[in-house]
Amino acid sequence: MKYAAGIDVGGTNTRVALINEKYEMIKREQFSTNKEKPEETLMKIRDIIQEFGYPIEGIGISCPGPLDLINGTILTPPNLPGWHHFQLTASLEEITGTKVYLENDANLACLAEAVTGAGKGKEYVQFLTISTGVGAGFCVGGKIFRGSRGFAQEVANSILWKNGPSQGDLKKGSIESIASGTAIVKRAAGMGIRAQHAGEVYEKGKEGDQKAQEIMEDAYEYLSSFLGILYGVLDPDLFVLGGSVALKIPGFIEEIEKRTKEKVYAALEGNVHVVPAVLGEDSGLIGAACLAFSALDQ
């Protein structure tokens with residue numbers, strides 16, 4: 001049996017897992033990410049892998065973007081200020097003596113769902129996570145489609161609404177500024193609605209709050225329009241939706257599928273399938289192991 005290490009570096013926590021070639025998770029550890037000193041986090045990763053006590057064929061690692069995947073460098077993730085322009089791949093390879101493969105978190109979640117999750121057995125799998133932000137990945141034949149420079153599926157800043165809402169460094173009317181959990185809560189606050197998360201905005205809308213209904217209507221409408229565009233460009237076998245907004249708001253995925261069908265050619269409506277992700281928070285770890293095994297096979 002072969003083993004790989006799957007690693008998911010987040011702005012709050014880092015998770016390290018031992019995963020076999022059947023994509024079974026044997027062991028998993030979690031610790032707080034050092035946002036200012038990446039070397040300390042990498043040393044902790046090395047120690048955990050050594051404590052696993054199994055020979056590791058390769059290491060796959062998931063990080064928030066933007067990333068320079070060609071050179072294995074983290075660029076400017078807002079939640080990891082001390083990691084900016086850090087050469088992650090080379091540094092971790094030097095520390096562990098093992099080949100390291102870097103990928104962004106949404107691409108790896110897509111890969112996991114395509115290989116062993118909701119998209120298993122499908123050739124063309126489009127994944128979107130609707131959570132704190134909006135991320136995406138596209139897999140063809142169980143392989144990540146990266147584009148010419150590794151920035152394919154960086155969809156958060158896709159503009160759909162002229163002079164629409166904005167947040168952070170994103171442009172006005174971007175899909176993340178409309179449909180993400182952060183955007184929904186921010187728009188609610190701007191309309192005088194107190195809510196801790198998008199689910200509360202949804203519930204207030206169900207109770208008759210017209211402003212909350214308007215916010216959710218915009219999220220449904222623009223997100224389904226975006227899926228309709230993706231369908232016209234990519235023709236995927238199915239869309240897999242993950243993230244807390246998509247998975248925890250009742251009926252969210254069904255509503256997005258219904259509306260997306262209305263936005264493609266009538267003859268193609270039957271081809272549009274929107275399904276929930278099934279691997280949960282483990283998708284990034286499993287995807288990281290998938291990446292390592294795939295690279296080793298090549």
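1. Let me start with the aromatics: the model contains six aromatic pairs, where rings of Phe, Tyr and Trp (its six-membered ring) pair if their centres lie within 6.5 Å, and planes under 30 degrees apart count as stacked, over 60 as edge-to-face and the rest as tilted. One of them is Phe 138 with Phe 145, an edge-to-face pair at 6.4 Å centre to centre with 75° between the planes. Phe 138 is buried at 5% relative accessible area, whereas Phe 145 is partly exposed at 43%. For burial, buried means under 20% relative accessible area, exposed over 50%, and partly exposed in between (1.4 Å probe, protein chains only). Trp 161 and Tyr 222 are a stacked pair, because their ring centres are 4.9 Å apart and their planes are at 5°. That pair links distant parts of the chain, 61 residues apart: Trp 161 sits in the loop between β11 (143–144) and α4 (176–179), and Tyr 222 in helix α7 (residues 210–234).

2. A word on what you're looking at. This is a predicted model, in which local features need pLDDT of at least 70 and side-chain atom pairs count only at pLDDT 80 or more, while totals for chains, interfaces and linings use all residues. Residues are numbered from 1 along each chain as its sequence is written, and side-chain values use heavy atoms, with hydrogens and water left out.

3. Now the overall picture. The protein chain has ten helices and 13 strands; helices (H or I, at least four residues) and strands (E, at least two) are DSSP runs, numbered from the N terminus. Its radius of gyration is 19 Å, close to the 19 Å from the globule rule for 298 residues, so the chain is as compact as a globular protein of that length. (That radius is taken over C-alpha atoms, and the rule is 2.2 Å times the number of residues to the power 0.38.) Along the principal axes, the C-alpha atoms fill a box of roughly 55 × 40 × 35 Å. Of the 298 residues, 51% are buried. Among contacts (heavy atoms within 4.5 Å) between residues at least 6 apart in sequence, 59% join residues at least 24 apart.

4. Strand β1 (residues 3–9) deserves a look. Seven of its seven residues are buried, so β1 is largely enclosed by the rest of the structure. In a regular strand the side chains alternate between the two faces of the sheet. Here Tyr 3, Ala 5, Ile 7 and Val 9 point one way, and Ala 4, Gly 6 and Asp 8 the other.

5. What does β1 pair with? Pairing needs at least two DSSP bridges between two strands. With strand β2 (residues 13–20), β1 pairs in the antiparallel sense over seven bridges, and a hairpin of three residues joins β1 to β2. Ala 4 has Ile 19 of β2 as its bridge partner. With strand β4 (residues 59–63), β1 pairs in the parallel sense over four bridges, and there Asp 8 is bridged to Ser 62.

6. Two open sheets to trace on screen. Strand β6 (residues 73–74) is joined to β7 by two bridges, and Thr 73 stands opposite Gln 87. The other sheet has five strands, ordered β11-β10-β9-β12-β13, and its pairing is mixed. Its edge strands are β11 and β13 (274–276), each pairing on one side only. Strand β10 (residues 134–140) pairs with β11 in the antiparallel sense over two bridges, with Cys 139 bridged to Ile 144 in β11.

7. The whole structure has zero disulfides. Cys 290 is in none either, with the nearest cysteine sulfur, in Cys 139, 9.0 Å away. Both count as buried: Cys 139 at 1% relative accessibility and Cys 290 at 3%.

8. Last, helix α10 (residues 283–297). The ends check out: at 1.5 Å a residue its 15 residues should span 21 Å, and the end C-alpha atoms are 21 Å apart, which agrees. (The expected span is 1.5 Å times one less than the number of residues.) Eleven of the 15 residues are buried, so α10 is mostly covered. Among the buried ones are Leu 285, Ile 286, Cys 290, Leu 291 and Phe 293.

Technical notes. A disulfide is a pair of cysteine sulfur atoms within 2.5 Å.
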